[in-house]
Amino acid sequence: MAKQDDIFKNVISHAKEYGYIFPSSEIYDGLSAVYDYAQNGVELKRNIREYWWKFMVQMHENIVGIDASIFMHPTTWKASGHVDAFNDPLIDNKDSKKRYRADVLIEDYCEKLHQKAQKEIEKAKKRFGESFDEEQFINTNPRVVEYYSRKKEIMERMAKGLDSGNLADVKALIEELEIADPETGSKNWTEVRQFNLMFGTKLGASADSAMDLYLRPETAQGIFVNFLNVQKTGRMKIPFGIAQTGKAFRNEIVARQFIFRMREFEQMEMQFFVKPGEEMKYYRYWKDNRLKWHLSLGLGEENYRYHDHEKLAHYANAATDIEFNFPFGFKELEGIHSRTDFDLKAHEKFSGKKLQFFDSETNSSYVPYVVETSVGLDRLFLAVFSKSLQEEILEDGSTRTVLKLPAVLAPTKATILPLVKKDGLPELAQEIIEELKWDFNVAYDEKDAVGRRYRRADALGTPFCITVDHQSLEDKTVTIRHRDSMKQDRVAIADLSKIIDQEVAMKNWLKKMI
Ligand code: ATP
C-alpha cells in the first residue's frame, strides 16, 4: 500500500512541477477537489478531447456533436430522476470524524476478495505452466470459488439494500464484514444516510423572481432534450448518436483522490438512439468498441477490465464500467449503459411534448431506446498521465524520469535545441521552429547542457528533441532524439515535419483500432 501511495504522490507532484495541474486558487490554500489545468495540462486535456471527438464524431457518419448549456430548465432534473434519486449513501466514522461512501467501503472490501482470487490464479498459472486451464481452475478451485461467491453475495446484498432504501442493512453489512475506517482502523460508524450530489444556484436578479437552478451533474440530459431538434434538422435516421463534451458538477462526499473524483469535472458522452429491442446489440457493440479505443493509446491491455453492474441505475437495463488500473487500483474510467427509453419518456411526460422518431418505412412513431457511453475527461487524463510516468534505470546505472505519453497526446511534440548559444545555431533553430509551428506545438530550449535539456524534455513528455549543431549549418541536417528509445538519428531538416507527423498524427493512432 505504501508503494502505491508513493507512486500516487509522485504523480501529483510531477503534475504540479511540470505545469500540468495546479490546485485551484492555491494562494488561498486551494479548494477541495477542484483543480486548474496548467500550461501543459490544458494541451494534454485538449488532445485527449480531440482524440475522442475525432473518433466518435468525425469517424462515425451517424454521430453528430452538440454543445448544450450548463444551466438547464429545472424540470429537466425532476424528469431525469436527479432531484429524487441522485444520491450517494454516506457514512461517518464517529472517532475519526471522516466521511465515506458506504458503497465504496463495501466495494473496496470486495476488491480485496477479487485480488485474493487473482493471486491464487497467478500462483496456479506459474505452477501448471502451459497446461493451465484458467477457466476450469476458476470454476473448481475451492478457494477461488469461495472468494468469488462471497464477493457476489456481498455485492447483491448491498445492491438490494440500496435499491429498497434499507440503509440499516447496508450499515449492518459494513459491521458484519468488520470494515474499518481505512485511515484510522476505527469501526465506530454512524447510520448510513442518503446525500443529494447536485449543486443548487439561482437565476435572476431580484430575490422574489429568482428561479432555483442546478449546475448540471451530467451532460447527458442536454442531449436528450435536444434529441428531436437534432434528429429533424440533421435529418438523422435511427440508429444515430449525439456526442457532447463539457463540464459537470457534483458535490461529491469524498474527494481525496486528486482529479479522479472532482466537484467540477468534464465528461465526454455519447447517446446512441436505437430501435426498441435492438439495444442489446448496440450495447455489446459500444462495450467492445470503447475498450478498443482505449487500447489504441497503448497503455497496456492488462490495465483495463470490465465490471458488469449488479446494481443497475433506475434508468438502465444493462451497464458496465471499463475500469482502469489507477495508482490506487482498478476503478471506473468509463460507463456504458443501456438506458432504455427512460429519459425520453420522462421528458415527454414532464414537458408534454412528443420526443419520438417517425419511421417512414413503417409509417409509425416510437420513442427510441438509448445506449450511452460516458467517460470522464479528467479521469482519462489521470489514467494516461499516471501510467506514462516512469522511472527508468539506464545502462550506466543512472536513473531518468520520463513521461511516456502517447505521442499523439503529448502537449509539445518537439523541443528544438541549439548545441551552443552562438555561431548562428540559435538562429537556425528558430528557423526550424518557424516552419514546424504551422503543424505542431514545438518549444525552444537553449539553457543548460544538452543532456540536462534532454532530461527536461523527457520529464515533460515531449516525444522528440531536435538538436542543431555546427554540421547543421553546412549540410542542413540535425539529430532527432526519440524520447522512449533515446535513439538518435541524423536527418535532413526538410524531412522533420514528415518524421514527426508519422508518430503524432491522430489518423495513425486511430488506425490501430482496426
Ligand atoms: P463513480 O461511481 O466513480 O462515482 P459514476 O458511476 O457516478 O462514477 P457516471 O455518472 O457514470 O459516474 O459518470 C460517467 C463518468 O464520468 C465516469 O465514468 C467518470 O469517468 C466520470 N466522473 C463521474 N464523476 C466524476 C467526478 N466526480 N470527477 C471526475 N470524473 C467523474
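How many residues surround the ligand, and which are the closest?

## Ligand shell

The ligand has 16 residues around it, with E252, R261, M262, E332 and L333 the closest; a residue is near a molecule if one of its heavy atoms lies within 4 Å of it. Before going further, note that this is a predicted model, where local features need pLDDT of at least 70, side-chain atom pairs count only at pLDDT 80 or more, and totals for chains, interfaces and linings use all residues. Numbering runs from 1 along each chain as its sequence is written, and side-chain values use heavy atoms, leaving out hydrogens and water.

Strands β10 (264-274), β13 (329-340) and β16 (369-376) each put in at least two shell residues, and β13 gives the largest share, five. Helices (H or I, at least four residues) and strands (E, at least two) are DSSP runs, numbered from the N terminus.

## Arginines at the ligand

Which ligand atom type does R101 reach with a polar side-chain atom? It's an oxygen, 3.2 Å away. R250 also has a polar side-chain atom 3.0 Å from a ligand oxygen, and a side-chain N or O atom of R379 sits 3.0 Å from an oxygen atom of the ligand. On its own the ligand exposes 580 Å², and the protein buries 86% of that (Shrake-Rupley, 1.4 Å probe).

## Salt bridges

Side chains of opposite charge can pair when their charged atoms come close. The whole structure has 48 salt bridges (a Lys or Arg side-chain nitrogen within 4 Å of an Asp or Glu carboxyl oxygen). One of them joins E252 and R261 at 3.5 Å, N to O, and both residues are buried (buried is under 20% relative accessible area, exposed over 50%, partly exposed in between, with a 1.4 Å probe and protein chains only).

R481 and D458 make another, with their closest N and O atoms 3.0 Å apart. R481 is in strand β22 (residues 477-482) and D458 in helix α15 (residues 450-460), so the pair ties together parts 23 residues apart in sequence.

E176 counts as exposed because its relative accessibility is 54%, while R157, at 26%, counts as partly exposed.

Terms used
Polar contact = N/O pair within 3.5 Å; in protein donor to acceptor, adjacent residues only side chain to side chain.
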